[in-house]
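Please consult the sequence and the coordinates alongside the text.

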Amino acid sequence: MIRIAMIGVGAISGIYLDNITNTFREIELRGLCDLIPSRAEEGWRKVQDYIAAGADAPSPRIYSDMYEAFADPEVDVVLNLTRPYEHYEVTKAALLAGKHVYSEKPLAVDMNEADELVALAKEKGLHLGGAPDTFMGAGIQTCRKLIDDGVIGDVVGANVAMICHGHESWHPDPEFYYKRGGGPMMDMGPYYVTALVQLLGEAKGVTALTKKSFDTRLITSKPHYGETITVDVDTYLAGNILFSSGAIASIFTTFDVHYTNSARFEVYGTKGTLVVPDPNTFGGPILLYRPEDGVGAPTSDPGYRKIVVDPYPGYKEIPLMFDYAQNSRALGLADMAKAIETGRPWRADMTQQHHVLEILTSFEKASASGQFYPLKTKYAPTAPMQNNPMHGILD
């Protein structure tokens, strides 16, 4: 059994507490802490409720600070759920204390920090990895199998987008989304880029145009209703990624526009097109179009056609072929724990996080230079998932 210390008990912690306690059978929560003690206490109460409802889990302790957690000899892995700009400091301190670390995305907020963390983990022989682990879910794993099996032929390219008007209308503490380490590419981009490298492989470089559309944002969610955020990062980013295979992906992320369908993810091949589920989810739906299905593209002038309600006429929905279609955050953590115990590689590993972070942070550099920005990191997709008849236990 691998024992976990949770550092940071904010908005994302609830689903981790649920899945660590109720779903994944090979990890357990040893303790938790937060700079705001009441948050740690609330997390502790949630676990008590799960135990009272029948969960087979120990009662965690509450640490006074993260250093007390790092000093606990019964902690194997530190789960870093702090804000993005705090990831580096917390992860580094945990590694120096001899603990494996699984971090929420991103690995760090710039490549200097990430390079140091990866080198430190390798030097100490420790496991380092982290979110997103949505690529391990049933949706993207099914898409990967379809692509690997040649169902859409050779991949030509992809088109992905995350479009919304920011988080200040619903998130209880939205300011950090507009500070260093924030913005739509660093916040939501990890889901899309991680899925892209899983499906298309290593990236070689990027081009981009980026901007900040608004200098300030008004919070309309509680408890900070009426407060104003000064925006420090670009919030409108349009880029292209060149992959080593020759495929080209277009990616667009923004917090600046009014839109209803926030996620778009399409992969184009020589034999067909695959519509990938929202990469911020673990399930479907998955849509596939191949020309032999008999539904061709419209040939008439679009100006004379009636409005088409279905944006994907002729596409077939593909059933999911893998487990974990529901919100399974902590799946990557459980997978890394299994790797610690068995010695096998882990899927949401630091090589993937490192490569993804370089892509994410290179768009603004490419925009500033007006040139193609080459990448230095190397990457090979981690192992596909294997179905196990026992839900909550990894291969």
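At what angle do helix α5 and helix α10 pack? The model is predicted, with local features requiring pLDDT of at least 70 and side-chain atom pairs pLDDT 80 or more, while totals for chains, interfaces and linings use all residues. Residues are numbered from 1 along each chain as its sequence is written, and side-chain values use heavy atoms, without hydrogens and water.

**Helix packing**
- Helix α5 (residues 111-124) and helix α10 (residues 350-369) pack at about 170 degrees, their axes 10 Å apart; axes are lines fitted to C-alpha atoms over the stretch in contact, and angles run from 0 to 180 degrees between N-to-C directions.
- This makes α5 roughly antiparallel to α10 (an angle over 145 degrees).
- The contact (heavy atoms within 4.5 Å) includes Met111, Val118 and Lys122 of α5 and His354, Leu357 and Glu358 of α10.
- The residues of this α5 contact with α10 comprise 6 nonpolar, 2 polar and 3 charged, where Asp, Glu, Lys and Arg count as charged, Ala, Val, Leu, Ile, Met, Phe, Trp, Tyr, Cys and Pro as nonpolar, and the others as polar.

**Sheet**
- An open sheet of 6 strands has the order β3-β2-β1-β4-β5-β6 with parallel pairing; strands pair if DSSP finds at least two bridges between them.
- β3 (61-62) and β6 (128-130) are the edges, each with a single partner strand, so one side of each lacks a neighbour in the sheet.

**Cysteines**
- The whole structure contains 0 disulfides (cysteine sulfur atoms within 2.5 Å).
- Cysteine 143 is buried because its relative accessibility is 0% (buried means under 20%, with a 1.4 Å probe and protein chains only).
- Cysteine 164, at 15%, also counts as buried.

Methods: Buried means under 20% relative accessible area, exposed over 50%, partly exposed in between (1.4 Å probe, protein chains only). Helices (H or I, at least four residues) and strands (E, at least two) are DSSP runs, numbered from the N terminus. Angles under 35 degrees count as roughly parallel, over 145 as roughly antiparallel, 65 to 115 as roughly perpendicular and the rest as oblique.
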